Amino acid sequence: MIVVKGLKKSYNGLQVLKGVDLTINKGDVVVLVGPSGCGKSTFLRCLNRLEEPDEGTVLLDGQEVTEKGIDAMRARMGMVFQHFNLFPHLTVKKNITLAPVHLRLMDQKTADAKAMELLERIGLADKADAYPNMLSGGQKQRIAIVRALAMNPEVLLFDEPTSALDPEMVGEVLELMKELARGGMTMVVVTHEMGFAREVANRVIFIDDGVIKVDKPPQEFFSNIENERLKSFLSKVL
Amino acid sequence: MASLAQQYEVWSALMKSGGDVSLWQQTFVKFYQAFLEKNRWLQYIEGVGTTLLVTAIALALGVVLGALVAMVRVAHDQQSPRHRNPLLGFVNFLFKIYVTVIRGTPMMVQLLIMGMVIFASSRNFTMVGALTLGINSGAYVSEIIRGGLMAVDPGQMEAGRSLGLNYLTTMVKIVIPQAIRSVLPALGNEFIILLKDTSLITVIGGKELLYAAQGVMNRTYESMFPLLGTAAIYLCLVLIFTWLQGKLERRMAQSDRR
């Protein structure tokens with residue numbers, strides 16, 4: 001469903017991605033791990049061109065993701081950020097309905113109903129008319145996920161979704177992500193939550209030095225470690 | 001009033017004849033000449049009206065111009081380095097020159113150039129003054145607005161774009177509403193500066209408050225009361241607008257806490 005070929009990206013002469021090839025199938029839950037600065041977030045952001053790759057192609061259902069028509073492509077790829085990036089001047093409900101209504105995917109009434117249904121599902125229906133600064137971090141992130149879901153995306157990209165959360169709120173966000181994975185959502189997740197990778201992912205990918213070093217199902221990934229760098233990385237995070 | 005007028009007649013006749021007048025009597029006569037004789041206070045009122053009108057026109061022009069310049073400059077700076085729009089680059093270049101020239105030359109010189117060179121044949125000095133002030137203010141306002149737009153968390157733009165909204169929509173629906181909040185106090189200050197700077201259009205013959213005061217000075221050969229009166233009126237106007245600005249800011253702060 002997503003095919004990445006020869007993806008390269010440099011910042012000020014420093015090459016962060018040195019040619020990444022990856023195929024993500026429908027229903028995959030792919031977790032990207034690696035030491036900080038290894039390029040995993042950059043890779044994720046290249047998928048929907050929040051970062052512009054220097055070289056290489058990204059195909060979504062066979063269609064190349066380019067600058068032209070990027071907005072339509074992004075509408076099909078939801079993204080969840082480390083710092084939530086909810087719109088602070090809009091209510092929770094408006095946060096969720098703004099894009100689908102503006103892009104004419106739904107009328108306001110349908111979008112409102114959909115937003116309420118999604119909020120109901122995560123138990124935050126009572127916050128529909130609240131503003132983001134009245135919510136806890138965990139609530140904000142779950143609403144950010146719902147905002148992405150409201151677009152009916154084909155794939156969801158998660159950029160360290162729990163890294164900015166207080167420890168007691170990590171669980172509620174991971175729980176929602178697990179639920180989505182079980183529901184068959186295609187997900188690409190950059191995270192340090194090894195428990196999540198082990199339990200939910202069907203592929204765990206280790207990126208180091210700008211390339212994919214290991215790409216295995218979690219059982220193998222965590223038990224049968226051949227790569228030296230991965231061994232030292234896991235010894236630090238586990 | 002009638003008795004004031006009579007008193008004035010008596011004492012001014014006494015002054016003219018070289019008689020012995022007290023300091024109080026002199027002050028009274030000058031004050032009466034500056035504000036009351038021949039209903040001169042009406043000229044000041046008229047001047048204040050023009051001052052406010054010029055301020056309003058200049059502010060409106062400045063905000064429109066400033067917003068346009070700021071939008072173009074931010075859009076130019078935010079485009080990706082490999083997909084530069086040449087038209088945007090050109091307009092950005094022109095706007096940069098505009099801001100540099102306006103901020104780098106004295107307002108008085110700009111007024112004289114506009115009044116005596118560019119619009120030398122125009123007789124509507126007040127409007128030429130308002131136009132000049134607006135163009136001047138636009139350069140400063142553009143920097144204020146640009147700062148406000150750049151102070152919005154870049155994650156907001158990314159979030160909007162990642163949902164499939166285009167650049168302009170994200171700007172209008174998400175970034176600008178948040179920038180306005182942070183920009184309003186600085187715009188209020190700009191408004192107050194502009195209000196006082198309208199006094200400069202006197203040099204090209206704009207008929208605002210100071211012009212009225214100078215008219216009275218020429219008629220009466222007395223400068224103290226017309227000038228002090230003008231200063232007092234400006235101070236009152238500024239105090240009123242500062243108070244209104246504070247009120248607006250408190251209202252904004254309240255809605256921030258919602």
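The model is a predicted one. Chain B and chain A bury about 2200 Å² between them, while domain 1 and domain 2 of chain B bury about 570 Å².

**Chain B against chain A: extent**

- The contact draws 30 residues from chain A and 22 residues from chain B.
- Of the area of about 2200 Å² buried between chain B and chain A, 55% comes from carbon and sulfur atoms.

**Chain B against chain A: bonds and make-up**

- Between chain B and chain A there are 2 salt bridges.
- One of the salt bridges pairs D71(A) with R161(B), whose closest N and O atoms lie 3.1 Å apart.
- Counting residues at pLDDT 80 or more, 7 residue pairs are in polar contact between chain B and chain A.
- On the side of chain B that touches chain A, the elements giving two or more residues are α7 (154–162) and α8 (167–197) of chain B.
- The element that gives the most to this side of chain B is α7(B), with 7 residues.
- Sorted by class, the side of chain B that touches chain A holds 10 polar, 7 charged and 5 nonpolar residues.

**The two domains of chain B: layout**

- Domain 1 of chain B runs over residues 1–39, and domain 2 of chain B over residues 49–257.
- Taken over C-alpha atoms, the centres of domain 1 and domain 2 of chain B are 44 Å apart.

**The two domains of chain B: where they meet**

- In the contact between the domains of chain B, 6 residues of domain 1 touch 6 residues of domain 2.
- Carbon and sulfur atoms account for 79% of the area of about 570 Å² that domain 1 and domain 2 of chain B bury between them.
- Three residues, K30(B), A34(B) and F35(B), supply 63% of the area that domain 1 of chain B buries against domain 2 of chain B, which is more than any other three residues supply.

**The two domains of chain B: bonds and make-up**

- The count of salt bridges between domain 1 and domain 2 of chain B is 1.
- The side chains of K30(B) and E222(B) form a salt bridge, at 3.8 Å from N to O.
- By class, the side of domain 1 of chain B that touches domain 2 of chain B has 3 nonpolar, 2 polar and 1 charged residues.

Notes:
Residues are numbered from 1 along each chain as its sequence is written. Chains are lettered from A and ligands numbered from 1 in the order in which they are written. This is a predicted model: local features need pLDDT of at least 70, side-chain atom pairs count only at pLDDT 80 or more; totals for chains, interfaces and linings use all residues. Side-chain values use heavy atoms; hydrogens and water are left out. Contact means heavy atoms within 4.5 Å. Buried area is the accessible area (1.4 Å probe) that two parts lose on being put together, summed over both. A salt bridge is a side-chain nitrogen of Lys or Arg within 4 Å of a carboxyl oxygen of Asp or Glu. A polar contact is a pair of N or O atoms within 3.5 Å; within protein, one must be able to donate a hydrogen and the other to accept it, and residues adjacent in sequence count only if both atoms are side-chain atoms. Helices (H or I, at least four residues) and strands (E, at least two) are DSSP runs, numbered from the N terminus. Ala, Val, Leu, Ile, Met, Phe, Trp, Tyr, Cys and Pro count as nonpolar, Asp, Glu, Lys and Arg as charged, and the others, Gly among them, as polar. Domain bounds come from an automatic or database domain assignment.
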